[in-house]
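Please open the model in your viewer and keep the selection panel at hand. The stops below say what to select next and what is to be found there.

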Amino acid sequence: MPRIRPLSAAVVNQIAAGEVIERPASAVKELLENAIDALATRIDVDIVAGGTELIRIVDDGEGIHPDDLVLAVSSHATSKLQQSSDLFDVRTFGFRGEALASMAEVSRLKIRSRQADQSHGCELEVAHGRIGSPHECGCPVGTAIEVRNLFENVPVRRKFLKSVATEFGQIAEQFTRVALAHPRLHLVLKHNDKMVYQLPPVDRPLERLTAFYGQELTDQLIWVESERAGIRLWGYVGHPSVHKATRKQQHLFLNGRWIQDRTLQHALVEAYRGLLMVGRYPVAFLFLDMPTDQVDVNVHPTKTEVRFRDVQQLFRQLLSMLRTKFLSLDLQSRLAVPAGQTFSDRRSAFAEPAQRPLGAPNTETRTPQFEDFAQPTAAQTDFATWAKDQLTRWTPDAPPVFEAAADVGVNEPEPAPIDAPLSADSEHFTLPSPIAPPDAHRALQIHDCYLVVETELGMTVIDQHALHERILYEQLRQRVLSGVVEAQRLLMPVPVELTANEVAVLLEHGELLNRLGFGIEEFGKDTVALTKHPVLLGRLDFPQLVRDLAEKLDSTPALERRDLLDALLHMMACKAAVKAGQRLSAEEIEALLRQRHLVDDAHHCPHGRPTALTLSRAELDRQFGRLG
Ligand code: ADP
Ligand code: MG
């Protein structure tokens, strides 16, 4: 092996560039942040060819002193941080002194800048890390930076760039984040000389939200606000009727910085649980204002991930803020809004109160605490039912699992009984079904996979597995929440071999598994003993299910385990449900269809796939030319 040598500055910069500047959008982000740090009030962004040919950002900020120009493009040189203790009190976006140096290493970069007390500006060019000499130029107060031909000297990186449209899309996303976080900034974005966004300063992010996402979305936003221990959390969350397939429309801003945070994402999931279909995500634009010493932003080169001093506290604040708001709104009836009445008719309840001047004290007396949820406050009965259901999730010690006295061994896999009755409670889940209860006698199973049913409105094709899975999921969930999962105790515990990790993780979650009706006991380093299993699941291959559960637990990062119960319920329902390819008896079909309308949202299985497709009578008539 060759001897050890220090890396050249160029190599160091290229490595750093790889971390900070991944694509044109990352350069745009860094340049926008620099302009904001320089207290700009207006920023103009010009992009050519998705930023691969040119990124130009012009601001009216404080500018750079002529003597500092070379330092500005040198690595680890910054005006924003002086000593290491400043790292724990970062008030600017930048502080690493890396961005301009990184960009200059992998492009042709030009800076022109002038400070207010200078009679003229100063210009500097850097090509692929070679710094030219600064010279005077005429320019307005502020800074203009051009980045041309990004990655032209790093062909590998250039190859990784996507289409112009994709790269521009990413740039627009970065631009949007800055625009939402800084409504008082005048911002302009052009692509290939065409105006994309022209955003004059406004007072509130809401107006920006309308500019980006349209009135239709902003009409459905609910204003939320809370303050706890000097931490203010506020913003807009979507009504449950607005949901997305991804988390892309969940934005969180920490002191003006767009960030991503798993724990807070989980708080959102938790707050909307029961209001949204599984696999659908709420819309949220949340702003977090907190003292800088409560958070470490120096975790990640792009600073989109941060470390909070007390993330659990934030989790609770977000969750209780949303729950309190949801309890105070009549969300349920709004979901079934009668034809003719639009959502915006009821907007007043969702609206943001008259704006509080910046810095004015919050008059809200006290942010509700978790304990406040002991009694639901909603006046509406059906909503109160919903709320109560939500609240049972927080009961730390669910009543003990009821255990049946019977004893059987583990038999051949067999799907769960289809006609297991739903407990009376589960009627709470009933939503007005758009389809009348089907006439079971006229159901037809085709391809051992689908059930075809005549309905009042036409015909419906149902995926037998998806529907059964959904029904089982609701039944299981209902029972787990009310603490009455019937379990079958095994006379002879069944040993299940696993990895040492899986054993540990299963035992660690013994309490949770117990709630689900599983008895798991230690049985040596690589083995557990299964002592009981839930009855509702029929005769499954339980050792296999235990192995699957263990694998799931082991592969779920600790942070995500909050959704564990749900994930495990899905998995159990999926394994226990009838499969595609399974011939069903007339009684089984009837039993399945009978329970269909008892399940809320029977149109989607827990994975979010549809359980049923409907063809209307009108459509059939149209297809067969039976018009008029
Ligand atoms: P950082 O922002 O982490 O300090 P950068 O490489 O992004 O590092 O910028 C280096 C320095 O250049 C900054 O500290 C700042 O002093 C100066 N600078 C960069 N962009 C601007 C700008 N638009 N206006 C004024 N000064 C700027
Ligand atoms: Mg910077």
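**Starting at helix H6**

Select H6 first: Glu 167, Phe 168, Ile 171, Ala 172, Gln 174, Phe 175, Thr 176, Arg 177, Val 178, Ala 179, Leu 180 and Ala 181 are buried there, where buried means under 20% relative accessible area, exposed over 50% and partly exposed in between, with a 1.4 Å probe and protein chains only. This is a predicted model, in which local features need pLDDT of at least 70 and side-chain atom pairs count only at pLDDT 80 or more, whereas totals for chains, interfaces and linings use all residues. Residues are numbered from 1 along each chain as its sequence is written, chains are lettered from A and ligands numbered from 1 in the order in which they are written, and side-chain values use heavy atoms, with hydrogens and water left out.

Helices (H or I, at least four residues) and strands (E, at least two) are DSSP runs numbered from the N terminus. H6 covers residues 164–181, and its 18 residues reach 26 Å from first to last C-alpha, close to the 26 Å expected at 1.5 Å a residue, that span being 1.5 Å times one less than the number of residues.

**The nonpolar core**

Which residues have the most contacts inside the largest nonpolar core? They are Ile 43, Met 103, Leu 109 and Phe 285, in a core of 62 residues, a core being a set of buried Ala, Val, Leu, Ile, Met, Phe, Trp, Tyr and Cys residues joined through side-chain atoms within 4.5 Å. H6 supplies the largest share of this core, eight residues. Colour domain 1 (9–201) and domain 2 (206–384), with bounds from an automatic or database domain assignment: both give residues to this core, so it lies between them.

**Aromatic rings**

Rings of Phe, Tyr and Trp (its six-membered ring) pair if their centres lie within 6.5 Å, and planes under 30 degrees apart count as stacked, over 60 as edge-to-face and the rest as tilted. The structure holds 10 such aromatic pairs. Select Phe 253 and Phe 287, a stacked pair at 4.9 Å centre to centre with 15° between the planes. Phe 253 lies in strand E13 (residues 250–254) and Phe 287 in strand E16 (residues 284–289), so the pair ties together parts 34 residues apart in sequence.
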